[in-house]
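Dear colleague,

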Amino acid sequence: AQNGLADEALKCFRQMKYMRIYPNEITYICILKACGILRSLEVGTAIDAEVRKQGILQKGNMLGIALVDMYSKCGALSKAQEVFDQLPKPNVVSWNALIAGYAQNGFGDEALECFRQMQNVGTCPDDVTYVCVLKACETIHNLRLVHHKIVKENFEDVLGSILIDLYVKHGSLIEGHKIFKRLSNADVTAWTAMIGGYAENLPYHALTMFDEMK
């Protein structure tokens with residue numbers, strides 16, 4: 001499953017059960033990952049039912065997170081939200097899974113609402129949270145809301161390339177260049193994002209930046 005060979009993971013899972021070797025929590029987490037890769041909602045839902053029947057969902061967050069992630073990748077966001085709401089103590093990883101699910105499926109407003117709720121309950125975002133939220137912002141043209149928070153939390157070096165790319169895609173070259181200048185160590189991704197933005201609008205500046213990069 002970790003190497004993307006989801007079909008083989010499902011075959012192993014079926015063989016395991018055929019041999020009457022019973023799955024544990026880690027087994028279910030791995031097979032749910034495989035279901036997410038395959039977008040196999042039918043198998044994932046069956047696993048969910050099996051987990052609930054055994055009463056192991058409430059023992060910890062990791063299995064719940066795996067279910068949220070699986071349902072999100074299968075586009076079943078109402079089910080993902082339902083599982084999330086049943087988690088005993090949602091942590092930053094579980095919030096990230098839910099926010100990512102909404103963002104990846106184009107529900108930017110819902111992702112941002114989760115982000116607000118996460119902060120309201122006192123869970124601190126991490127860099128993964130901000131990557132997911134920025135993805136959501138791309139769909140609703142609301143970059144400034146999260147950018148302000150990122151600057152405050154000093155995540156710009158981590159997410160600088162993503163912010164630059166989003167700003168230039170929306171024609172905000174000045175804002176993108178401001179972020180670029182603040183990066184302590186701009187890598188090839190940050191340079192490419194800035195050059196790409198200029199290439200679409202100001203080709204001469206793109207060539208100048210390319211020379212500077214070299």
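Helix 4 and helix 5 cross in a left-handed manner, meaning that the near helix is turned anticlockwise from the far one by less than a right angle (clockwise would be right-handed). The model is a predicted one, in which local features need pLDDT of at least 70 and side-chain atom pairs count only at pLDDT 80 or more, while totals for chains, interfaces and linings use all residues. Residues are numbered from 1 along each chain as its sequence is written, and side-chain values use heavy atoms, with hydrogens and water left out.

Helices are DSSP runs (H or I, at least four residues), numbered from the N terminus.

On the helix 4 side, the contact (heavy atoms within 4.5 Å) is made by Gly-64, Leu-67, Val-68, Tyr-71 and Ser-72. Helix 5 contributes Leu-77, Lys-79, Ala-80, Val-83 and Phe-84. Seven residues of this contact are nonpolar, two are polar and one is charged. Here Ala, Val, Leu, Ile, Met, Phe, Trp, Tyr, Cys and Pro count as nonpolar, Asp, Glu, Lys and Arg as charged, and the others, Gly among them, as polar.

Leu-173, Gly-176, His-177 and Phe-180 of helix 11 meet Ala-190, Trp-191, Met-194, Gly-197, Tyr-198 and Asn-201 of helix 12. The residues of this contact comprise six nonpolar, four polar and no charged.

Leaving aside residues up to four places away in sequence, Ile-164 touches Gly-176, Ile-179, Phe-180, Leu-183, Ala-190, Ala-193 and Met-194. Ile-164, together with Ile-99 and Met-194, has the most contacts inside the largest nonpolar core, which has 63 residues. Such a core is a set of buried Ala, Val, Leu, Ile, Met, Phe, Trp, Tyr and Cys residues joined through side-chain atoms within 4.5 Å. Buried means under 20% relative accessible area, exposed over 50%, and partly exposed in between (1.4 Å probe, protein chains only).

Most residues other than glycine have a negative phi. Arg-20, however, has a positive phi of about 60° although it is not a glycine; Arg-20 lies in the loop between helix 1 and helix 2 (25-38) and is exposed, at a relative accessible area of 68%. Arg-39, in the loop between helix 2 and helix 3 (41-54), has a positive phi near 55° and is likewise exposed, at 51%.

Thr-123, by contrast, counts as buried, at 14% relative accessibility. Thr-123 is in the loop between helix 7 (108-120) and helix 8 (127-140). Not counting residues up to four places away in sequence, Thr-123 touches Pro-90, Asn-91, Val-92, Trp-95 and Met-118.

Definitions and conventions: Helices (H or I, at least four residues) and strands (E, at least two) are DSSP runs, numbered from the N terminus.
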